Amino acid sequence: MVNERPDPLCMVGAGYVGLVTAVCLADADVHVRLLDIDQARLAFLRQGKAPIHEPLLDELLTKVLANGRLTLHDDPAEAMAGAAVIMIAVGTPPLGDGRADLTQVRAAITQAVRHAGSETVIAIKSTVPPGTTASLQSLCRRNGRTVPLTVCPEFLAEGSAVRDFRQPPQVVIGGDDPAACERVAQLFGHLEAPIRITDSTSAELIKYGVNAFLALKISFINEMAQLCEFTGADVSSVADGIGTDERIGRAFLGAGLGFGGSCFPKDVRALDQAASYHGQSFQLLRAAVEVNQQARSRFVAKIQRALNGKLARRRIAVLGLAFKPGTDDVRQAASIDVIRHLEDLGAVVLATDPVACANARPLLPNTTLVDDPYSCVGGADAVVVVTEWPEYVNLDWARVATLVRRPLVVDGRNCLDADPLVELGFTYIGVGRPTRRPRTLKTPLSGAKRAAVPIAVR
Ligand SMILES: NC(=O)c1ccc[n+]([C@@H]2O[C@H](COP(=O)([O-])OP(=O)(O)OC[C@H]3O[C@@H](n4cnc5c(N)ncnc54)[C@H](O)[C@@H]3O)[C@@H](O)[C@H]2O)c1
């Protein structure tokens with residue numbers, strides 16, 4: 001193994017994965033050239049601002065731009081020339097049938113091959129279906145020479161991406177050229193993580209396998225949650241008990257509105273499509289997707305039932321738009337489906353999020369999006385928690401009680417403590433746990449003084 005860090009690195013794509021990886025590697029003393037075609041994104045970055053919300057990212061970005069370890073580029077020739085590694089972190093969005101669209105990956109590889117030097121190795125960081133890296137080797141021939149192509153899938157989670165980069169459970173690198181794989185491995189040599197080098201198809205399947213398995217865990221506990229509702233058990237207690245078995249683990253056993261985001265839904269479907277291509281019917285994956293979708297529609301039905309079957313003109317305050325806390329990403333977020341469904345049934349929806357309102361706005365043209373959660377709940381017939389932001393868990397619920405029209409909380413993430421809410425006069429409805437009602441039922445508009453509050457529309 002050569003003990004030199006490959007330097008410079010050209011990172012293609014400044015999205016969630018490319019930007020975080022580029023900034024973290026630059027912080028680890030690699031010279032990184034970050035290339036993107038999105039001028040608005042680059043303009044943001046040039047001001048030292050991250051175009052995405054990710055804890056720790058802003059300060060690291062400022063640091064590596066100032067010390068020159070990270071440079072920004074829109075010209076592939078300038079960014080790729082002489083790069084030891086060209087790493088590709090462009091999007092692989094789903095096609096209509098669920099297959100991964102590899103257009104951006106192919107275009108980036110073609111560019112990389114054009115500008116590669118004699119020592120350059122290409123590494124695909126984007127999530128690509130099994131067999132992709134092997135099949136794209138044909139794009140990597142130039143002047144009778146083959147530019148080595150490897151795959152180095154990313155496992156970071158939005159909301160904790162910097163921490164995940166620094167403390168990964170492992171680094172996976174796939175390819176059939178051992179020297180090229182070692183070269184990519186050198187980039188991550190400073191991390192205290194095992195480096196697994198394998199063939200490219202196995203590396204691709206490890207990535208999909210991790211996401212698919214975690215999605216299965218979530219859908220499993222959501223099926224259990226339904227059974228808990230039928231039988232009167234509490235799914236949080238059940239999940240604690242199941243998760244204490246160390247062969248299973250408690251992570252990803254949170255019942256609620258299921259999985260969303262740019263990865264799990266798309267990767268589960270893409271893996272299913274890859275299996276179908278080989279004549280395999282991967283039943284578990286289909287069930288996981290179906291259960292996930294049902295979790296959203298069941299949640300809306302639950303709100304409707306709690307409002308005596310009537311959603312028309314009911315005012316629903318939705319807390320949380322991001323697909324999970326810590327990110328501004330609303331791709332495939334449960335909030336979008338839930339809100340659209342509520343609106344289709346005639347509800348008037350106000351929604352809030354600490355950071356994701358701007359990203360959600362184009363997707364929710366009929367929804368009033370407000371920054372202030374207390375404005376959001378003003379006059380509400382139901383307060384609905386869709387994203388378990390600590391800001392909402394720690395709301396001044398006594399104040400909320402004075403603002404709503406009806407004291408009803410429907411918690412789609414089981415993140416609230418029911419006892420104090422019930423004490424405040426709320427009816428609390430979670431997922432897979434018994435509904436809690438205040439001892440003395442209050443009629444709408446009775447009890448705590450409920451004021452009409454002005455709504456600050458952004
Ligand atoms: N977001 C996640 O949490 C996550 C985690 C693990 C893996 N992944 C995978 O990583 C890949 C990237 O995901 P993302 O969320 O960062 O995507 P993204 O959409 O946020 O970013 C992709 C970026 O690539 C840029 N781009 C596209 N074509 C380009 C080109 N030819 N040259 C330069 N830039 C180009 C786009 O302008 C965009 O800024 C996907 O395959 C995804 O599945 C994502």
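**Entry 1: two helices.** I began with helix α11 (residues 264-277) and α12, which pack at an angle of about 150 degrees with their axes 9 Å apart. Helices here are DSSP runs of H or I with at least four residues, and strands are runs of E with at least two, both numbered from the N terminus. Axes are lines fitted to C-alpha atoms, for helices over the stretch in contact, and angles run from 0 to 180 degrees between N-to-C directions. I noted that α11 and α12 are therefore roughly antiparallel to each other, a label for angles over 145 degrees.

I looked up which residues meet there: V268, R269, L271 and D272 in α11 face L285, R286, A288 and V289 in α12. Contact requires C-beta atoms, placed from the backbone, to lie within 7 Å. I sorted this contact by class and found five nonpolar, no polar and three charged residues. Ala, Val, Leu, Ile, Met, Phe, Trp, Tyr, Cys and Pro count as nonpolar, Asp, Glu, Lys and Arg as charged, and the others, Gly among them, as polar.

**Entry 2: the model.** I am reading a predicted model, in which local features need pLDDT of at least 70 and side-chain atom pairs count only at pLDDT 80 or more, while totals for chains, interfaces and linings use all residues. Residues are numbered from 1 along each chain as its sequence is written.

**Entry 3: a sheet.** I traced an open sheet of six strands in the order β13-β12-β11-β14-β15-β16, with parallel pairing. Strands pair if DSSP finds at least two bridges between them. The edge strands, β13 (368-370) and β16 (427-429), each pair on one side only. From one strand to the next the twist averages 20 degrees.

I then followed β11 (residues 315-319) and β12 (residues 348-352), which are joined in the parallel sense over five bridges. V318 stands opposite A351 in β12. Helix α13 (residues 334-344) packs on the sheet and touches β11 and β12, its direction making about 160 degrees with that of β12. Helix α12 (residues 283-306) lies across β11, β14 (382-385), β15 (408-411) and β16, and runs at about 165 degrees to β15.

**Entry 4: the ligand.** I counted 26 residues around the ligand, of which G13, G15, Y16, T92 and S126 come nearest. A residue counts as near if its C-beta atom, placed from the backbone, lies within 6 Å. Both α1 (16-27) and α5 (103-115) supply at least two residues of this shell.

**Entry 5: backbone.** I found a cis peptide bond joining D7 and P8, with omega about 0 degrees.

Terms used:
Two residues are in contact if their C-beta atoms, placed from the backbone, lie within 7 Å. Angles under 35 degrees count as roughly parallel, over 145 as roughly antiparallel, 65 to 115 as roughly perpendicular and the rest as oblique.
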